[in-house]
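Student: I would like to learn how to read a few packing features. Can we go through them on one example?

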Amino acid sequence: MQPNSRYQPSALSRRTFARIFAMGGSAALFAQSGAAWARPALQTTPAAPTEKFWAKVREQFVMPRDLAVMNAANLCPSPGSVLEAMYKNTQDMDRDPSFQNRVKMAHGKEETRRILAEFLRVSPEEIVLTRNTSEGNNLVSSGVDLKPGDEVLLFADNHPSNLAAWQEKSKRWGFSIRLVEQANPHPGFDYYIDAFRKAFTVRTRILAFTHLTSTVGDLFPAKELCRLARERDVLTLIDGAQSFGLLDTDLRDIQPDFYTGSAHKWPCGPKEVGVLYINRTAQPKIWASIISAMPGAIGISKTFEAFGQRDEPAIIGFAEALRFQTHIGSKIIEARARALTQMLIQGLQKIDGIKLWTSSDPSRAVAVASFLPGNHDILKLYAALYEKHHIACATRLGKDRPGLRFSPHFYNTQTEVERALSALGELMKAGG
Ligand SMILES: Cc1ncc(COP(=O)(O)O)c(C=O)c1O
């Protein structure tokens, strides 16, 4: 958000702030902002959800109606129910921060673990509550015992937390890295299955890849790659930052050894909460990197999640975000994000001068769409979309498939996609 933006839904004007403060200081301030996120209960999802239903879903979020945010690959908003859970628990904790009162926070943390395990269809004993995907990826690259002579197999378009992190650690521990290069446009699952099959060697110890890339939204054949690795006794790390909360994900079926994700992306949860799944069979093969007090209560969390004091209200808010998604339905959310993205991609294909980096084939892409807007100035377009049309997206600068990135999610509407397409067409016609 820009400093002088008109889009500050929960910010209070100076006059309102002064009035509330005069009324009773911060308690009144919280009461005021509490009222701002209260939302009517969301009905049960109909068998065939209509735009009217999705408009009700949109109303669960505090974003102003005329702001269309299509940047889920970076950060998602939380619905009112998540804000409420965080607020209520933070207030409870700060009213009485005694150990006695905070016992229930530890129970809340375990309830989040249970719900998270159910969401990913694994057991709570395999769940570590982290801060984010970056931390999860690094706990794996620092925790797996590797030495000179060992090889790590990586996809070249992994996020830095799953690429640069391995490269840096290889200098310290002496293992080597083999890369499978990205291909653009996405050549299909078979291409990558073959490329990875050929890249394994007798020295490969772990394969780490991204389920859905953040750059251009390429979808990876996660289950097949995990099977190839398992057949060779190679561990697998799936970076799920762009699939967790978007794809209806069944880890029992995919069978990775490690899977990471962030609550604040597609699950629409609080910031700085994440997940690291550690398959029961991989648990004896990884060391804990952080050892402190206040571990989790069960399974791997007893030894791997002693991270010291946490923001438990945020962890409890994470459970609320997953309940919200489950209430709507994970399959329905995935279908909605896919449908909006297909609509977006088809519209982009009709705008003169646009070169799509993302495949229009739904077996290769989901809800991240990147494109080069001809020879228009990327930063100027990005700014004009936000300032003039109240449409938020991301830029991709540099030489690697530069341009703009749109990543719509279930809280966006068809009208917002239409608005984005027409704004883009108009701006490009007018020269940026
Ligand atoms: C594929 C991928 N992995 C990891 C991350 C890091 O996520 P976080 O910043 O939540 O740790 C991102 C962030 O965009 C990502 O796209």
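Student: How many nonpolar, polar and charged residues are in the shell around the ligand?

Tutor: Ala, Val, Leu, Ile, Met, Phe, Trp, Tyr, Cys and Pro count as nonpolar, Asp, Glu, Lys and Arg as charged, and the others, Gly among them, as polar. Here the shell has one nonpolar, nine polar and one charged residues. The ligand is surrounded by N132, T133, S134, H159, S161, T210, S214, D239, A241, Q242 and S262. A residue is near a molecule if its C-beta atom, placed from the backbone, lies within 6 Å of it.

Tutor: Two notes on the basis. This is a predicted model: local features need pLDDT of at least 70, side-chain atom pairs count only at pLDDT 80 or more, and totals for chains, interfaces and linings use all residues. Numbering runs from 1 along each chain as its sequence is written.

Student: At what angle do α13 and α14 pack?

Tutor: Packed helices are described by the angle between their axes and the distance between the axes. Helix α13 (residues 378-389) and helix α14 (residues 414-429) pack at about 120 degrees, with axes 11 Å apart. α13 and α14 are therefore oblique to each other (angles under 35 degrees count as roughly parallel, over 145 as roughly antiparallel, 65 to 115 as roughly perpendicular and the rest as oblique).

Student: Which residues make the contact?

Tutor: L381, A384, L385 and H389 of α13 meet R419, A423 and L427 of α14. Contact requires C-beta atoms, placed from the backbone, within 7 Å. The residues divide into five nonpolar, one polar and one charged.

Student: How far apart are the C-alpha centres of domain 1 and domain 2?

Tutor: They lie 28 Å apart. The domain assignment gives domain 1 (104-325) and domain 2 (331-429).

Definitions and conventions:
Axes are lines fitted to C-alpha atoms, for helices over the stretch in contact, and angles run from 0 to 180 degrees between N-to-C directions. Helices (H or I, at least four residues) and strands (E, at least two) are DSSP runs, numbered from the N terminus. Two residues are in contact if their C-beta atoms, placed from the backbone, lie within 7 Å. Domain bounds come from an automatic or database domain assignment.
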